Amino acid sequence: MSGIIIKTKEEIELIRESALIVSRTLGMLASEIKPGISTLKLDGLAYEFIKDQGAEPGFLGLYNFPNTLCMSPNAQVVHGIPNNTSLVEGDIISIDCGAFKNGYYGDHAYTFAVGEIDTEKEKLLRITKESLYEGIKSFQLNNRIGDLGYAIQYCCEKQGYGVVRELVGHGLGETMHEAPEVPNYGKRGRGKKFLNGMVLAIEPMINMGTHRIKQLKDGWTILTADGKPSAHFEHNVALVDDKPELLSTFEYIYKALDITSEEELPYRSHPLVL
Ligand code: MG
Ligand code: MG
């Protein structure tokens with residue numbers, strides 16, 4: 001990774017456009033996720049949906065990834081490859097999606113419940129998402145990368161969860177993965193300072209048990225070393241006028257699932273028009 005690229009407000013709006021294509025795609029998928037559907041079927045729906053919005057799937061072919069979505073059920077952490085296995089009631093499934101339009105990428109993720117899930121998994125999803133917003137809250141002018149990582153780590157480790165070390169968030173723009181690396185752990189006051197015009201993909205990957213991971217022989221799929229479930233939530237956020245501004249939204253998902261949430265309101269300078 002080279003140096004951090006500061007974006008203009010115009011560039012940030014282009015990243016927002018790509019991010020919202022991903023947001024709408026995840027919203028579309030939210031209505032389709034149910035027991036019996038395969039991850040490959042969902043992948044095909046996402047491909048068509050992204051193309052219909054005049055964008056390109058951001059992951060397809062990136063580092064030779066074979067599909068549109070990274071789909072990582074249960075003990076899979078991230079980078080799972082869609083296949084013909086059907087989702088089962090009680091599963092959780094992390095879906096990570098990228099889109100590329102007008103020269104800029106959007107990239108975010110949500111972990112969905114398949115039907116009814118047990119209370120332990122429900123808590124893992126809730127805390128992981130909470131930790132994402134703790135990270136966003138600390139993306140403030142003159143704070144540092146270590147502050148953001150610390151906020152996420154503190155939120156998750158006090159619940160006894162494992163924070164994955166090997167995979168991190170990142171800068172986002174004309175390339176999917178730009179500087180800086182954004183770890184989900186860290187020490188307060190350490191690392192690069194946040195500046196206006198920085199755009200980050202903040203993405204806690206949190207395991208119910210150990211933080212340790214392993215990789216399948218497919219060269220992609222990351223899973224927990226102890227076989228316990230893992231969750232992953234990701235937003236795209238810009239630092240604008242000294243404040244973190246959400247470029248992505250989960251509101252399309254919440255609309256599909258009939259959920260009311262005010263979690264995004266502090267990070268939105270304009271009302272969101274769905
Ligand atoms: Mg992602
Ligand atoms: Mg990412």
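User: Is Glu263 buried or exposed?
Analyst: This is a predicted model. Glu263 has a relative accessible area of 19%, under the 20% cut-off, so Glu263 counts as buried.

User: Which residue does Glu263 form a salt bridge with?
Analyst: Lys129, with the closest N and O atoms 2.8 Å apart. Lys129 is buried, at 16% relative accessibility.

User: What about Glu130, which residue does it pair with?
Analyst: Glu130 forms a salt bridge with Arg126, at 3.7 Å between the closest N and O atoms. The two are four residues apart in helix H3, so about one helical turn separates them. Glu130 is partly exposed at 38% relative accessibility, and Arg126 is partly exposed at 46%.

User: How many salt bridges are there in the whole structure?
Analyst: Eleven. One of them joins Lys9 and Asp241 at 3.0 Å, N to O. Lys9 is in helix H1 and Asp241 in the loop between S14 and strand S15, 232 residues apart.

User: Now the metals. Which residues are the protein donors of the magnesium ion (ligand 2)?
Analyst: Asp107, His170, Glu203 and Glu234, lying 2.1 to 2.2 Å from the ion. Asp107 is in strand S5 and Glu234 in the loop between strands S13 and S14. Asp107 and Glu234 are buried.

User: How far apart are ligand 2 and the magnesium ion (ligand 1)?
Analyst: They are 3.0 Å apart, and Asp107 coordinates both.

Note on methods
Residues numbered from 1 in each chain as written. Chains lettered and ligands numbered in written order. Predicted model: local features only at pLDDT ≥ 70, side-chain atom pairs only at ≥ 80, totals over all residues. Heavy atoms only, no water. Donors = N, O, S within 2.8 Å, 3.2 Å for Na, K, Ca; no water. Buried < 20%, exposed > 50% of the residue type's maximum accessible area, 1.4 Å probe, protein only. Salt bridge = Lys/Arg side-chain N within 4 Å of Asp/Glu carboxyl O.
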